[in-house]
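The following note is intended for a colleague who is meeting this structure for the first time. Please read the numbered points alongside the sequence and the model.

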Amino acid sequence: MNNITIYSKDYCPYCKSAKALLESKGLAYTEVDVGHHPERLGEMITRSQRRTVPQIFFGDAHIGGSTDLISYFQKGLGVSDAA
């Protein structure tokens, strides 16, 4: 199984929604809070080419933000389907 990484900020409602969705599916993830660790923001931007949170990765595959994650699962895809 791919590792799931979510770049987030603790006050972000979209981040909370994305984490709740992952948890509802029983998926473990590593959270990188760029609000508390601003030195990791550059890493997030380099990987995703985006500046907003959340940014979600299944392994090295960029899923996108919260709405992208919802769409991904609505298509019936799973973590192992990320390319």
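Which strands does α1 lie across, and at about what angle does it run to β1?

1. Basis of the note. This is a predicted model, in which local features need pLDDT of at least 70 and side-chain atom pairs count only at pLDDT 80 or more, while totals for chains, interfaces and linings use all residues. Residues are numbered from 1 along each chain as its sequence is written, and side-chain values use heavy atoms, with hydrogens and water left out.

2. Helix α1 on the sheet. The helix α1 lies across β1, β2 and β3, and its direction is at about 160° to that of β1. Helices (H or I, at least four residues) and strands (E, at least two) are DSSP runs, numbered from the N terminus. Axes are lines fitted to C-alpha atoms, for helices over the stretch in contact (heavy atoms within 4.5 Å), and angles run from 0 to 180 degrees between N-to-C directions. Helix α3 (residues 66–74) also packs on the sheet, where it touches β3 and β4, and its direction makes about 40° with that of β3.

3. The sheet. Four strands form an open sheet in the order β2-β1-β3-β4, with mixed pairing; two strands pair if DSSP finds at least two bridges between them. β2 and β4 (61–64) are the edge strands, each pairing on one side only. From one strand to the next, the twist averages 25°.

4. Partners of β1. Strand β1 runs antiparallel to β3 (residues 55–58), to which four bridges join it; within β3, Ile56 is the bridge partner of Ile6. With β2 (residues 30–33), β1 pairs in the parallel sense, again over four bridges, and Ser8 has Asp33 as its bridge partner there. β1, helix α1 (residues 13–24) and β2 together make a right-handed β-α-β unit: with the strands pointing away from the viewer, the path from the first strand over the helix to the second runs clockwise.

5. Burial of β1. Five of the five residues of β1 (residues 4–8) are buried, so this strand is largely enclosed by the rest of the structure. Buried means under 20% relative accessible area, exposed over 50%, and partly exposed in between (1.4 Å probe, protein chains only). Ile4, Ile6 and Ser8 point one way, whereas Thr5 and Tyr7 point the other way. In a regular strand the side chains alternate between the two faces of the sheet.

6. Nonpolar cores. A nonpolar core is a set of buried Ala, Val, Leu, Ile, Met, Phe, Trp, Tyr and Cys residues joined through side-chain atoms within 4.5 Å. The largest has 14 residues, and Ile4, Leu22, Ile56, Phe58, Ile63, Leu69 and Phe73 have the most contacts inside it. β1, α1, β3, β4 and α3 each give two or more residues to this core, with α3 giving the most, three residues. Beyond its neighbours within four places in sequence, Leu22 contacts Ile4, Leu27, Tyr29, Phe58, Leu69 and Phe73. A second, separate core has eight residues, among them Val32, Val34, Met44 and Val53.

7. Cysteines. Cys12 counts as buried because its relative accessibility is 7%, and Cys15 does so at 0%. The structure holds zero disulfides (pairs of cysteine sulfur atoms within 2.5 Å).
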